[in-house]
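Trainee: Could you take me through one part of this model in close detail, setting out the terms as you go?

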Amino acid sequence: MDRSVENLLAEFGVLRSAVIRRIEGSNGPAVKSDVKYAHVADVCVTEFNKQIDAIERWRSSEIVGFSASRLREEARESKLNQAIVELSREDFLAGTFDLKSLFTLSLERFYSGDFVLWVGAEEANGRAAAFQRMADMLEPINTLLEMGMASILSFRATASAQDAEGNFITDWESVFGGTYATRRALRWRTVRAWRNRRVIAERVESLPSTES
């Protein structure tokens, strides 16, 4: 059978044997077995052509990771990244908010209520738990900032791309100054899946640090 037809069958969950049974159950003239098998591809193409409108609607649906162009239109990756950069301003971090409340106030609109966060091998389920995990992870640095023992020299996204599955990948870099800072650039990566203009899953990966 033609490879493109086999791919279509696999994609839509149609078994080759089911198509053959349909031919065998036909009310038309008897056909020899080898002829039946030779025409399986033609039958598949005919059946899919009849349903082309439904197939196109499915392809343009909001299934995460399927339509890269649709995801680019609906994702707000650049706006979320800009909001994160804004959070790095020290006048925000030195305010009266605790970190979880700050994340909720500034970032909640970008995240689904049931989104899943992975930081290394650790998993946090739900927006509240994920924001708390972020706060716990950054609390030591925030304490140094509040005490004036550290400062943020730079905080930026260095690269952004979309992979073949439709996920958005952003590489980040930050350099800290102060008594306890090494001034090495800390680097990490976020990988996000979007649906209906909200993040439904995010993975944070550590990247090798570099000399600033």
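Mentor: Strands here are DSSP runs of E with at least two residues, and helices are runs of H or I with at least four, both numbered from the N terminus. On that basis Thr190 is found in strand β5, which covers residues 184–195. The model is a predicted one, in which local features need pLDDT of at least 70 and side-chain atom pairs count only at pLDDT 80 or more, whereas totals for chains, interfaces and linings use all residues. Residues are numbered from 1 along each chain as its sequence is written, and side-chain values use heavy atoms, with hydrogens and water left out.

Burial is judged by relative accessible area with a 1.4 Å probe and protein chains only: under 20% is buried, over 50% exposed, and in between partly exposed. Thr190 has 4% relative accessibility and therefore counts as buried. If contact means heavy atoms within 4.5 Å, then Thr190, leaving aside residues up to four places away in sequence, touches Phe168, Ile169, Thr170, Trp172, Glu202, Arg203 and Val204. The side chains of Thr190 and Trp172 are also joined by a polar contact of 3.2 Å, a term for a pair of N or O atoms within 3.5 Å where, within protein, one must be able to donate a hydrogen and the other to accept it, and where residues adjacent in sequence count only if both atoms are side-chain atoms.

Trp172 leads on to the ring pairs. Rings of Phe, Tyr and Trp (its six-membered ring) pair if their centres lie within 6.5 Å, and the planes count as stacked under 30 degrees apart, edge-to-face over 60 and tilted for the rest. This rule gives six aromatic pairs. One of them is the stacked pair of Trp172 and Trp188, with 6.2 Å centre to centre and 5° between the planes. Because Trp172 lies in strand β4 and Trp188 in strand β5, this pair ties together parts that are 16 residues apart in sequence. Trp172, at 2% relative accessibility, counts as buried, while Trp188, at 21%, counts as partly exposed.

Turning to the strands themselves, two strands pair if DSSP finds at least two bridges between them. β4 and β5 pair in the antiparallel sense over seven bridges, and Glu173 has Arg187 in β5 as its bridge partner. Strand β3 (residues 151–162) also pairs with β4 in the antiparallel sense, over 10 bridges, with Ala161 standing opposite Ile169 in β4. Nine of the 10 residues of β4 (residues 168–177) are buried, so this strand is largely enclosed by the rest of the structure.
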